[in-house]
Amino acid sequence: VAPELGRLESQDSLGLFLTGKPVRFIFSGARPQGSPRPGISGTLEVSGGRVPGFTLTADFSQTDLTDWQWLDPQDLKGATGSTRGQLTFRQFAGKDPEFSMNLEAPQPGGNIQARFFDLFLPYLPTPLQKERVRKLSETEQLVRYDQASVEVQMPRSDRVKILLRIFIPDYNLKLTLNVEVRIDAKDAFSQI
């Protein structure tokens, strides 16, 4: 995927790097090449000196799920729906990374591949829920969702918490999935 960046502008003198003080940048128009939407905008603060690092804040309010199909073409092909929300990522030398993301696809929603729901089968608590989702995920079609949201938090470098909510009116399915992913190595997520 060829990315585009419409604008990147320094808010401070680049000479501040020499003094170890942070330099702030603003950006806009971060998107896959050819996307008709304005894309992601946000800020980036880069620090030099004894504890180098950066803080990135991104706003997704000018994007659509069609912009993210390249992340997982098999499960996201044909996905539609406007998105909004924010992502924050901080990484400083010698410290655990900090990551949080809150995204939503508000009403009227959009479409998503039915097989996307196969990912959630192991996490559903009751046989009835599993059966409904299994039937849904076996179809080779797009299904309409009314609204969806995902929250991702990384409280430690070896843990990620994910909260997903999605409502599929045609199946009267309101799926809420709360998952914590634990990794053996402290720096596994930063390596990924």
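User: Which residues is Glu-180 in contact with, leaving aside its neighbours within four places in sequence?

Analyst: Setting those sequence neighbours aside, Glu-180 is in contact with Arg-159, Val-160 and Lys-161. Keep in mind that this is a predicted model. Take Val-160: 20 residues separate it from Glu-180 in sequence, yet the two C-alpha atoms sit 5.7 Å apart in space. Glu-180 itself belongs to strand S13, which runs over residues 173-182. Its side chain also makes a polar contact with the side chain of Arg-182, at 2.7 Å.

Now for a contrasting spot. Thr-83 is in strand S7, residues 82-92. Thr-83 comes out at 8% relative accessible area, and because buried means under 20%, it is buried. Its side chain makes a polar contact of 2.4 Å with the side chain of Thr-63. Not counting residues up to four places away in sequence, Thr-83 touches a whole run of others, including Phe-60, Ser-61, Gln-62, Asp-64 and Leu-65, along with Trp-68 and Glu-104.

That Trp-68 leads us to the aromatics. The whole structure has 4 aromatic pairs. One of them is Trp-68 with Trp-70, a tilted pair with 6.4 Å between centres and 45° between the planes. Trp-68 is buried at 18% relative accessible area, whereas Trp-70 is partly exposed at 42%. Another pair is Phe-89 with Phe-99, edge-to-face, with centres 6.2 Å apart and planes at 65°. Phe-89 is in strand S7 and Phe-99 in strand S8 (residues 98-105), so this pair ties together parts that are 10 residues apart in sequence. Phe-89 is partly exposed at 22% relative accessibility, and Phe-99 is likewise partly exposed at 22%. Together with Phe-54, they form one aromatic cluster.

Zooming out, the protein has 4 helices and 13 strands. Of its 192 residues, 35% count as buried. The C-alpha atoms fill a box of roughly 60 × 40 × 25 Å along the principal axes. Among contacts with a separation of 6 or more, 47% are between residues 24 or more positions apart. The protein exposes about 11,500 Å², with carbon and sulfur atoms supplying 54% of it. On the charge side, there are 23 positive and 23 negative charges, and their mean positions lie 4 Å apart.

Note on methods. Residues numbered from 1 in each chain as written. Predicted model: local features only at pLDDT ≥ 70, side-chain atom pairs only at ≥ 80, totals over all residues. Heavy atoms only, no water. Helix = DSSP H or I, 4+ residues; strand = E, 2+ residues; numbered from the N terminus. Buried < 20%, exposed > 50% of the residue type's maximum accessible area, 1.4 Å probe, protein only. Polar contact = N/O pair within 3.5 Å; in protein donor to acceptor, adjacent residues only side chain to side chain. Contact = heavy atoms within 4.5 Å. Areas by Shrake-Rupley, 256 points an atom, 1.4 Å probe, with all protein chains shown as cover. Lys, Arg positive; Asp, Glu negative; His and termini not counted. Charge placed at Lys NZ, Arg CZ, Asp CG, Glu CD. Phe/Tyr/Trp six-rings, centres within 6.5 Å; stacked < 30°, edge-to-face > 60°.
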